[in-house]
Amino acid sequence: MTESPLFTPAPLGPITLRNRTIRAAAFEGMCPDNRPGEKLWNYHTSVAAGGIGMTTLAYASVTQSGLSFPHQLWLRKETIADLRKITDAIHKEGAAASIQIGHCGNMSKKSVAGQLPVSASYGFNIYSPTFVRKMRKDEIEEVARDFGKAVHLAREAGFDAVELHAGHGYLLSQFLSKYTNRRRDEYGGSLENRMRFMSMAVENALDAAKDDMAVIAKINMKDGFKFLGGMQTDDCLLVAKRLESLGIHGLVLSAGFVSHAPMHVMCGAMPTRTMSYYMEPSVIKPLARYFGKILVPTVPFKEAYFYEDALKFREAVKLPLIYVGGLVARDKIDMVLNSGFEFVAMARALINEPGFVNRMKAEGDVRCSCEHANYCIGRMYTVEMQCYQHIKDELPKCILKEIEKTKRH
């Protein structure tokens, strides 16, 4: 068997990570009033101390109009000092620091975004639920520039890398997919046109990053549905090649579309009882509880669930690829790295066990105790993410019952 490169250093653009592990950009919900909070500092410091190569703060909006939650990070001048405290702490532990930047588009909420949500085209987002306004051309250009401004702010805050979110049905992805992009101008129609906004944002980010920051992007390998214009693998491969031609330093390979196929992102069952329990306002609770399973159908979980799709991208491009999806054990991590992927990214494994990387180094072939009950997902939209195994207070019986049921998917 080929020896694993897991604990060997590796370059990512102009930076070098101490090993091949990355804490995936997964929403923490630890930014009250859209500012980094103490829990965000505590969590990412613990992951850095736990041996990670690079940890990624998520999901930072490049402008107020891109916000979905009051506890989501908004990257702006007023947050720099607090973010610098986090990056300093991460660096002190020997890890690199990255921040995911993006815009929620039709997933934004007027109450925090300060305006009606915008997207590539007019529409109605049933998951918010809200009407959505089509972006003007001058707005598209402005938001593309906002990505560059966000990189400047990230440098000031001490980050080594930025990750542009161009997947999961958020704004850049909404322009890529025919499901949400019905425009007839230079930003719609052909894939070449639909990639234009993403390309503009990436070019601005790369210009701002200069030669000392890594710029990577999270993209879909497929949207998770074939009808209504969802992106399929062949088109996503062209997106990957376009990003490679632009000079991006690495790609995070994912899938799924939050406003149509959300569980393709994370796999397993959405704990709708948990989600409704923490939800505000109370009028939405019964809707989430009784219609959640219809709106968010289960996608069966298996370890390394994106592996087969990711291999197609490994064959198609030469730039560094970051595999994410269902990694909770050393054997699958080694399998991925030995298949030519430069890095592996984990989220739920490190919510469950921030020191998992160090334990793999010390003990070898181990598995974290994540059971993929997805309780952390169910609560992160309203309160901060947390593994149910770490909850000190006794959980309600309805949630405990759901956890046991969800673990079987």
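Here are some questions and answers about this predicted model.

Reader: In which helix is confidence lowest in the chain?
Author: Happy to start there, since this is a predicted model. The mean pLDDT of the chain is 94, and 95% of its residues reach 70 or more. Strand β5 (residues 96–102) has the highest confidence, at 99, while the lowest, at a mean of 64, belongs to helix α11.

Reader: How should I read the coordinates where pLDDT is low?
Author: Helix α11 covers residues 285–295 and has a mean of 64. Where pLDDT is low, the predicted coordinates should not be read in detail.

Reader: How many strands form the closed barrel?
Author: Follow the order β3-β4-β5-β9-β10-β11-β12-β13, where the pairing is parallel. On average, and ignoring direction, neighbouring strands of this sheet are turned by 25 degrees against each other. The closed barrel has 8 strands.

Reader: Is α1 roughly parallel or roughly antiparallel to α2?
Author: Helix α1 (residues 38–49) packs with helix α2 (residues 80–92) at an angle of about 20 degrees, and their axes are 8 Å apart. Angles under 35 degrees count as roughly parallel. Therefore α1 is, relative to α2, roughly parallel.

Reader: How many nonpolar residues are in the contact of α1 with α2?
Author: From α1 come Leu40, Trp41, His44, Thr45 and Ala48, which meet Lys85, Ile86, Ala89 and Ile90 in α2. By class, 2 of the contact residues are polar, 1 is charged, and the nonpolar ones number 6.

Reader: Is the crossing of α8 and α12 left-handed or right-handed?
Author: Helix α8 (residues 233–246) and helix α12 (residues 307–316) have axes 10 Å apart and pack at an angle of about 40 degrees. That angle makes α8 oblique to α12. As α8 passes α12, the crossing is right-handed.

Reader: Which residues of α12 make the contact with α8?
Author: The contact of α8 with α12 has 5 nonpolar, 1 polar and 2 charged residues. On the α8 side are Thr233, Cys236, Leu237, Ala240 and Lys241, and on the α12 side are Lys312, Phe313 and Ala316.

Reader: What are the edge strands of the open sheet?
Author: This open sheet is formed by 3 strands in the order β6-β8-β7, with mixed pairing. Strand β7 runs antiparallel to β8 (residues 130–134), joined by 3 bridges, and Gly123 stands opposite Val132 in β8. The strands that pair on one side only are the edges, β6 (118–119) and β7 (123–125).

Reader: Is the peptide bond from Ala58 to Tyr59 cis or trans?
Author: Tyr59 lies in strand β4 (residues 54–61). Omega for the bond from Ala58 to Tyr59 is near -10 degrees, and the bond is cis.

Reader: What is the phi of Lys210?
Author: Lys210 sits in the loop between α7 (196–209) and β10 (214–220). Although Lys210 is not a glycine, its phi is positive, at about 55 degrees.

Notes:
Residues numbered from 1 in each chain as written. Predicted model: local features only at pLDDT ≥ 70, side-chain atom pairs only at ≥ 80, totals over all residues. Heavy atoms only, no water. Pairing = 2+ DSSP bridges. Helix = DSSP H or I, 4+ residues; strand = E, 2+ residues; numbered from the N terminus. pLDDT = per-residue confidence, 0-100. Axes fitted to C-alpha atoms, helices over the stretch in contact; angles between N-to-C directions. Parallel < 35°, antiparallel > 145°, perpendicular 65-115°, else oblique. Contact = heavy atoms within 4.5 Å. Nonpolar A, V, L, I, M, F, W, Y, C, P; charged D, E, K, R; others polar. Left-handed = near helix turned anticlockwise from the far one by under 90°.
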